[in-house]
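Work through the following exercises with the sequence and the model side by side. Each task is followed by a solution that goes step by step.

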Amino acid sequence: MNLQTEKLVLIEWLVKQSDSNVIESIKEIKNDHPHSNNDDRFLNPEEKCILYRLQSLEGRSPNEQDECREFYEQYL
């Protein structure tokens, strides 16, 4: 079996998974891989916290975003 076929078989298997432990294990492998495109690995805890807060603003109304922004600006 060639590499492309093996990857497709793994993708098909992964799509059918419903066990969150399996998904978390795969994510850990991905994040630990040196060639992963996960830039979060290079952020310090404070930067990760800020990124998380910014991402939490998505999907909020403009008024809610303004309130959150005003609250967090005091820490910047």
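**Exercise 1.** Determine whether Glu-64 is buried, partly exposed or exposed.

*Solution.* The classes are set by relative accessible area, where buried means under 20%, exposed means over 50%, and partly exposed lies in between (1.4 Å probe, protein chains only). Glu-64 has a relative accessible area of 37%, so this residue is partly exposed. Its place in the chain is helix H4, which covers residues 62-73, where helices (H or I, at least four residues) and strands (E, at least two) are DSSP runs numbered from the N terminus. The model is a predicted one, in which local features need pLDDT of at least 70 and side-chain atom pairs count only at pLDDT 80 or more, while totals for chains, interfaces and linings use all residues. Residues are numbered from 1 along each chain as its sequence is written, and side-chain values use heavy atoms, with hydrogens and water left out.

**Exercise 2.** Describe the salt bridges of the structure, and say how accessible their partners are.

*Solution.* A salt bridge is a side-chain nitrogen of Lys or Arg within 4 Å of a carboxyl oxygen of Asp or Glu, and the structure holds 2 of them. One joins the side chains of Lys-16 and Glu-12 at 3.3 Å, N to O; Lys-16 is exposed at 61% relative accessibility, whereas Glu-12 is partly exposed at 45%. Glu-24 and Lys-27 also meet in a salt bridge, at 3.5 Å, N to O. These two residues are 3 apart in helix H2 (residues 20-32), and therefore separated by about one helical turn. Glu-24 is partly exposed at 39%, and Lys-27 is partly exposed at 43%.

**Exercise 3.** Locate the nonpolar surface patch and the elements that supply it.

*Solution.* Leu-10, Trp-13, Leu-14, Ile-23, Ile-26 and Ile-29 make a nonpolar patch of about 520 Å². Helix H1 (3-15) and H2 each give two or more residues to this patch. Ile-26, placed in helix H2, is partly exposed with a relative accessible area of 33%.

**Exercise 4.** Summarise the secondary structure and the burial of the whole chain.

*Solution.* The protein chain has 4 helices and 0 strands, following the pattern α-α-α-α along the sequence. Buried residues make up 5% of its 76 residues.

Methods
Patch = residues over 30% accessible without salt bridge, like charges linked within 9 Å, V, L, I, M, F, W, Y side chains within 5 Å. Areas by Shrake-Rupley, 256 points an atom, 1.4 Å probe, with all protein chains shown as cover.
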